[in-house]
Amino acid sequence: MARPWLNVLAQVLPVPLGLLFSGVLVWGATNADWSGTSSNSGNTWTSGSLGLANDSTVPMFRVDNMRPGDTGANCIRIKSNAGFPTALKLYGNSPNWPSNFQSFINLHIEVGSGGASGNCKGFTAHRTAFNGTLDEFMALYTDYRTGLGPWILAGKPLSSLGFRVAWKFSPSAPNGSQSVATNEAAFTWEAREQG
């Protein structure tokens, strides 16, 4: 005579045994002796810098006792040690502009190579950057957005541009321009990453 509990056991027992057997296989697979890895170490990130300097430690111009028709000039070298190309611009600023006779001082600004602060010997002009009055320069070119340029500086290795700034006191300056001083004017060169 058949035993019913053997039939039940025969139907139920394969499921737990199958689960147990598959667990043993998974455990055996995760404890295999073979493995392989590949890594790349030593990764770092360092930001660059945009250094800009000029070769002058004194104002380019301190002119006294001008007379109508007087002229003068000075050079300055702008140097970039940025690690990437930059776009250089020139503009002016003054805390109290305009002054009394800035429209009678004519400016001629050239950009080129050679020359140095206090000595334009060896300066070679590549192009004229500005030709007008000091008043026009100070009024029109007031920040990077409106500045003259841009001129591209390559960055490292050190790259530079020379600027020659010439002035002339107008021969037609009126009698009322005697014993008058302009307000202080600053020439500012600014470089930004070339976009």
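Predicted model: local features only at pLDDT ≥ 70, side-chain atom pairs only at ≥ 80, totals over all residues.
1. Residues are numbered from 1 along each chain as its sequence is written, and side-chain values use heavy atoms, with hydrogens and water left out. Local features need pLDDT of at least 70 and side-chain atom pairs count only at pLDDT 80 or more, while totals for chains, interfaces and linings use all residues.

2. Pairing requires at least two bridges found by DSSP between two strands.

3. Strand E3 (residues 86-93) is joined to E8 by 8 bridges in the antiparallel sense. Leu 90 stands opposite Trp 189 in E8.

4. Ser 170 sits in the loop between strand E7 (159-169) and E8. Its relative accessible area is 10%, so Ser 170 is buried (under 20%; exposed is over 50%, partly exposed in between; 1.4 Å probe, protein chains only). Leaving aside residues up to four places away in sequence, Ser 170 touches Pro 68, Gly 69, Phe 104 and Asn 106 (heavy atoms within 4.5 Å).

5. The structure holds 2 salt bridges (a side-chain nitrogen of Lys or Arg within 4 Å of a carboxyl oxygen of Asp or Glu). In one, the closest N and O atoms of Glu 110 and Arg 164 are 3.5 Å apart. Glu 110 belongs to strand E4 (residues 105-113) and Arg 164 to strand E7, so the pair ties together parts 54 residues apart in sequence. Glu 110 is buried at 15% relative accessibility, whereas Arg 164 is partly exposed at 27%.

6. Glu 190 and Arg 192 also form a salt bridge, at 2.9 Å from N to O. Arg 192 is partly exposed, with 43% relative accessibility.

Note on methods: Helix = DSSP H or I, 4+ residues; strand = E, 2+ residues; numbered from the N terminus.
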